[in-house]
Each structure stands twice: as C-alpha cells, then as structure tokens.
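Hi,

Here is the structure I promised to pass along. Have a look at it first, and then read my notes below.

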Amino acid sequence: VLSGEAHSDTGGERMADEKKTVVQIPYVDATSHEAHALAPIVQEEIGRRLRAVYGVIAAEPLPEKFARLLEELAKSDADEDLERETDT
Amino acid sequence: LIKSGTSQLQDELGKLVPNLRAFARSLSGNADQADDLVQETLVKAWKHRASFEPGTNLKAWLFTILRNCFLSERRKRKLEVEDKDGFYAARVSVHGSQSSHMDLVDFAKALELLPVEQKEALLLIGAEGFSYEEASAMCGCAVGTIKSRVNRARAKLAELLHVEGAKDYGPDQFPSESDARPM
C-alpha cells in the first residue's frame, strides 16, 4: 500500500507538470478580437496613451466663446422671465 | 430661486466643457467641428434642461446629447462625402515611433481609423471612465455590445501601433510561464 502511494504521488507530480504546459494554450487567441484577446499589459498601454491624448485636449485653455455662450443662455432666461412679468 | 438654479446650471455646464471638448475632438478628429458640437450640445442641454432628472448623472446626459448631435451631423455629411478627409494620409503615416510625443500623435491618428461605434465606446469607457452600464444606456445598445466594441477598438489600436506585447501573443509564440496572468 505504501509503495502504491509513493507511485501515485510521483504520478500526480508528473500530471501536474503536464497540466501546466497545457493550460498556457487557451490564452493565445490572436485572431479573436472579442473578450480577453489582448494581454493585460497591452490593454494598460493602450489605456495609458488614450488618457494622455484625451487629457491634453481637456487641459487646453478654454476659448472665451463657451463662457460667453453660457452667459447668453442664462441671460436669455432672465429676459424671458422679465417678459412674462410684464405680460401679466 | 430661479436665478440661483440658472447660475448653478451655468457653473456645472461650464465645468464639463473641457471633457465635452476632449470627447468631441477625439470623436470627430476635427477641432472646429468639435467646438461647434460642444456649443450645440450646451444650447440643447439648456433648452431641454427640464427633461434632465436632478440627481442623475449630468455628465452622462451631456455626453449623450453630444454623441447624438455628432451622429446626426455625420449622417448628413456622409451623404455628401463618402471618404473621410485624411483617412489615407493617416493610414500611411501610422508607424512605430521613438519619442513619447510621437506616440501620442500616432495614437490620435490611429484613433481616427477606428469605426465610430468602437471609438465612441473606447472613449466613454477608457478615457472618461463611464461604466459599461452607463455607456450602454448612452449609446442605446447592450452592455455586451459595448464590451465587444471596446475590446475590438483596443485590439485594432494595438495592431496599428505595434504596441509592445501584442506580437508576443501571436499564434506561434506562447507566453512563458512567468508571463502568464490570470485573465
């Protein structure tokens, strides 16, 4: 019984070794663009560059025209309120 | 009361203009068109502000307005010109580069080459940090569709830009044991 156990132990190790090499294969799927096709390190790099490009634009000084537009919109509301008041 | 509500909205919209510009520019690839889009978005948001539910995500609401403006504008333009300006120029000049500045220039060019649905999904998730659920509501499609678009966008960019590591996972090269990560 003891020698039998020793055999199955070494057999188990051998199986574990074989299993390790087999397990690697499913990670490799260069043709699929669906989930999990990219290595995490590549995803991170793409994300880093994307945020850098995006961040550069978001950090640009704003042209005056946006603040002016918002002022005008707020003012047009005030004018409408005034009109409504004078109507009644 | 009305006045304070108005100036509060004015402030909140103002704060989101940089993000709206970055989204519009990345989406359209054109600075002038992008600023027109942002202005159109602000006017529409103001006009329809009664339909915004307080307590919900103002940024998501504005981004939805902007992408709708962009897509309807694009539909109109597409009837006029079939090929987008600069498409071929961008395609031939995307190469591996040395400096990190060039990396970003190339990245911006490569981004232009993505189909608009993929680009939009990638920007919302990867650049703005919206959740997949938020992005799916904004784009009017399933969560799985957004995930798939983001993955395809990343894969295409990695391919176009020869991002290091992408080739190591090609069909003939298996990652070594130390490279393997749980996915």
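This is a predicted model: local features need pLDDT of at least 70, side-chain atom pairs count only at pLDDT 80 or more; totals for chains, interfaces and linings use all residues.

Helix α6 (residues 116-127) of chain B packs against helix α8 (residues 143-160) of chain B, with the axes 8 Å apart and an angle of about 100° between them. An angle of 65 to 115 degrees counts as roughly perpendicular, so that is the label for α6(B) and α8(B). If you want to click through the contact, the α6(B) side is made by E117(B), Q118(B), A121(B), L122(B) and I125(B). Facing them from α8(B) are I146(B), R149(B), V150(B), R152(B), A153(B), R154(B) and L157(B). By type, the residues of this contact split into 7 nonpolar, 4 charged and 1 polar.

α8(B) has another partner to look at. Helix α7 (residues 132-139) of chain B crosses α8(B) at roughly 100°, and their axes come within 8 Å. α7(B) is therefore roughly perpendicular to α8(B). On the α7(B) side you'll find Y132(B), E133(B), A135(B), S136(B) and C139(B), while α8(B) brings V143(B), I146(B), K147(B), V150(B) and R154(B). That contact comes out at 6 nonpolar, 3 charged and 1 polar. Note that I146(B), V150(B) and R154(B) are listed in the contact with α6(B) and also in the one with α7(B).

Just as a reminder, a disulfide is a covalent bond between the sulfur atoms of two cysteines. C69(B) is in no disulfide, and its nearest cysteine sulfur, on C139(B), is 14 Å away. C69(B) is also buried, because its relative accessibility is 3%, and buried means under 20%.

L20(B) sits in helix α1 (residues 2-28) of chain B. Is L20(B) buried or exposed? It is buried, with a relative accessible area of 0%. Setting aside its neighbours within four places in sequence, L20(B) touches V38(B), L42(B), L62(B), F63(B) and L66(B). For L42(B), the separation is 22 residues along the chain, and the C-alpha atoms are 9.6 Å from that of L20(B).

E112(B) belongs to helix α5 (residues 100-112) of chain B. E112(B) counts as partly exposed, because its relative accessibility is 23%. In sequence, E112(B) and S26(B) are 86 residues apart, yet C-alpha to C-alpha they are 7.8 Å apart in space.

Finally, a quick word on chain A. Chain A has 88 residues, and 24% of them count as buried.

Cheers

Note on methods: Residues are numbered from 1 along each chain as its sequence is written. Chains are lettered from A and ligands numbered from 1 in the order in which they are written. Side-chain values use heavy atoms; hydrogens and water are left out. Axes are lines fitted to C-alpha atoms, for helices over the stretch in contact, and angles run from 0 to 180 degrees between N-to-C directions. Helices (H or I, at least four residues) and strands (E, at least two) are DSSP runs, numbered from the N terminus. Angles under 35 degrees count as roughly parallel, over 145 as roughly antiparallel, 65 to 115 as roughly perpendicular and the rest as oblique. Contact means heavy atoms within 4.5 Å. Ala, Val, Leu, Ile, Met, Phe, Trp, Tyr, Cys and Pro count as nonpolar, Asp, Glu, Lys and Arg as charged, and the others, Gly among them, as polar. A disulfide is a pair of cysteine sulfur atoms within 2.5 Å. Buried means under 20% relative accessible area, exposed over 50%, partly exposed in between (1.4 Å probe, protein chains only).
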